[in-house]
Amino acid sequence: MDLILWRHAEAHEHPDPLAGVPGDAKDLVRRLTPRGEKQATRMAAWLDRQLPDGARIFSSPASRCEQTAMALGRKFKLREELLPEGDPLALLELVQWPHGKSPVVVVGHQPTLGRVIARLLNLAEDDCSVKKGALWWLRHRERASGNQTVVVTVQTPELI
């Protein structure tokens, strides 16, 4: 199984003032900056060339993640499990790791994505940070010595 964890591209730090809207709701409406739009477009073009047609794509319902996923130009599903500060185990359950049959792309947030990576690579929970707009491509494989998680690639928009 392949799992591609893609952090949303650069977003505005503070949304326009929304009177009476709670802080969490304001965070969810943050949109990509012009630089973030370019990051998402560049990464999406690269990713689209690598992904097979049957890949499943999930995104956090936060606007910045939805915009990032839209750059890929494929159908995707918004999932509450991927909201900021989501549970890494809920993410792994959603994608059916490690038993899923098709590649899965998850567009989400830090620190959740970093915590998933750390868990799969047996690192300390806070040891892995994912840069805005970057993706980690992980693969589960079975060997005689047991199950393994392999890092296929780590890409940032600046390297594409």
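Q: Where is the place of Gln 96?
A: Gln 96 sits in the loop between H4 and S4. Helices here are DSSP runs of H or I with at least four residues, strands are runs of E with at least two, and both are numbered from the N terminus. This is a predicted model, where local features need pLDDT of at least 70, side-chain atom pairs count only at pLDDT 80 or more, and totals for chains, interfaces and linings use all residues. Residues are numbered from 1 along each chain as its sequence is written, and side-chain values use heavy atoms, with hydrogens and water left out.

Q: OK, and what's phi of Gln 96?
A: Near 65°, which is a positive value in a residue other than glycine.

Q: Is Gln 96 buried, exposed or partly exposed?
A: Partly exposed, because its relative accessibility is 46%. The cut-offs are under 20% relative accessible area for buried, over 50% for exposed, and partly exposed in between, using a 1.4 Å probe on protein chains only.

Q: Which peptide bond is cis, with omega near 0°?
A: The one from Trp 97 to Pro 98. Pro 98 is in the loop between H4 and S4.

Q: And which one is cis with omega near 15°?
A: That's Gln 110 to Pro 111. Pro 111 belongs to the loop between S4 and H5.

Q: What about Glu 85, where is that?
A: In the loop between strand S3 (77–78) and H4. Glu 85 has a positive phi too, near 65°. It counts as exposed because its relative accessible area is 56%.

Q: Switching to H5: how many of its residues are buried?
A: Seven of the nine in helix H5 (residues 112–120), so the helix is mostly covered. The buried ones are Thr 112, Leu 113, Gly 114, Val 116, Ile 117, Ala 118 and Leu 120.

Q: What covers them?
A: The cover includes strand S1 (2–7), helix H4 (88–95), strand S4 (104–108), S5 and S6. Contact means heavy atoms within 4.5 Å.

Q: What happens just after H5?
A: Asn 122 takes a positive phi of about 60° there.

Q: How do S5 and S6 run?
A: Antiparallel, with nine bridges joining S5 (residues 135–143) to S6 (residues 146–155). For strands to pair, DSSP has to find at least two bridges between them. These two form a hairpin with two residues between them, and Trp 136 has Val 154 as its bridge partner in S6.

Q: Now cavities. How many of 30 Å³ or more?
A: One. A cavity is a set of points, on a 1 Å grid over the protein atoms alone, where a 1.4 Å probe fits but cannot get out; lining residues have an atom within 4 Å of a point.

Q: What volume has the largest cavity?
A: About 40 Å³. Volume is the space filled by probe spheres set on the points, which are joined across faces, edges and corners.

Q: Which residues line it?
A: Glu 81, Leu 82, Leu 83, Gly 86, Leu 91, Val 106, Gly 108, His 109, Thr 112 and Leu 113. S4 and H5 each supply at least two residues of that lining.

Q: How does the lining divide?
A: Into five nonpolar, four polar and one charged. Ala, Val, Leu, Ile, Met, Phe, Trp, Tyr, Cys and Pro count as nonpolar, Asp, Glu, Lys and Arg as charged, and the others, Gly among them, as polar.

Notes:
1 Å grid on protein atoms, 1.4 Å probe; cavity = no way out; pocket = protein on both sides within 12 Å on 5 of 7 lines; lining within 4 Å.
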